Amino acid sequence: MASDFLPIRIKAAGLHLLASCLVAALSAALVFLVWYPSPYATMAGGSGLFLLIVSIDVILGPALTAVVANPNKKRSELARDLAVIVTVQLAAFGYGLYTMALARPALLTFEVDRLRVVTAVDVDPVLLKEAPPGLQSLSWTGPRLIAAVKPTDPDEQMRSIELGLAGIDLAMQPRQWRDYAARADEAWRVARPVSVLLSQYPQLAADVARIARSAGQPTESLRFLPLMSRQASWVSLIAAPGARVVGHLPVEGFF
């Protein structure tokens with residue numbers, strides 16, 4: 001009777017679920033500690049994407065195992081069915097992780113009057129070789145802080161405009177990348193005092209004070225820049241010396 005097989009099916013599905021959860025936990029450590037360090041999992045959409053991948057994969061695999069776990073099957077037949085399920089599950093999960101790797105935040109780029117999160121998929125591999133020496137590879141351990149400058153040569157200006165019209169922002173054009181340290185004074189100059197931010201969002205006072213303490217700076221010495229990503233608009237707090245980025249807050253920075 002089918003009801004007699006129920007405990008066996010539940011046990012098989014439970015073991016499969018346990019294994020799937022272990023793989024998901026290890027993958028979560030890679031994703032959220034290495035590729036999408038806080039707060040980029042939220043800012044760049046990594047949390048939602050990972051949850052979607054895991055929920056489908058972890059639920060579907062054990063569910064299929066429960067369906068095929070019939071003790072009346074030959075051992076070879078059962079092993080074949082389970083191998084197919086595991087293979088398909090791992091392939092789907094691997095593709096999901098590959099997608100997350102492509103969407104990982106690779107650069108935090110100062111661009112004119114803002115910071116922009118640039119993901120790996122935003123950068124054309126063909127154009128990447130045009131980046132200055134030392135900037136021709138994309139980070140795998142969270143975004144690298146750089147700057148992007150407007151070209152001064154007329155031909156380069158026209159090329160940059162054409163790329164921009166094609167959806168490739170200045171921050172995504174490797175030829176315009178520069179070391180952030182060389183542009184830190186400019187970033188500090190265009191940033192606005194944190195008092196302006198607090199006048200617009202007084203509820204952020206405690207968060208700003210916490211970030212200031214962590215940076216070892218008085219609250220009033222901080223400045224902020226708008227922070228853009230494809231999924232969200234935040235602000236970044238910067239501090240002297242070097243206009244270093246010391247924190248991010250989830251509020252609109254253009255006001």
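Here is a short tour of a predicted model, stop by stop. Local features need pLDDT of at least 70 and side-chain atom pairs pLDDT 80 or more, while totals for chains, interfaces and linings use all residues. Residues are numbered from 1 along each chain as its sequence is written, and side-chain values use heavy atoms, without hydrogens and water.

**Helix 3.** Select residues 46-68, helix 3 (helices are DSSP runs of H or I, at least four residues; strands are runs of E, at least two; both are numbered from the N terminus).

**The core.** Next, pick F110, L225 and L227, which touch the most other members of the 16-residue largest nonpolar core (buried Ala, Val, Leu, Ile, Met, Phe, Trp, Tyr and Cys joined through side-chain atoms within 4.5 Å). Elements giving this core two or more residues include helix 2 (40-43), strand 1 (105-111) and strand 6 (223-228).

Most residues other than glycine have a negative phi, and most peptide bonds are trans. Now select S38 and P39: their peptide bond is cis, with omega near 5°. Another cis bond joins A240 and P241, omega about -5°. A243 is buried, at 3% relative accessible area.

Methods
Expected span 1.5 Å × (residues − 1). Buried < 20%, exposed > 50% of the residue type's maximum accessible area, 1.4 Å probe, protein only.
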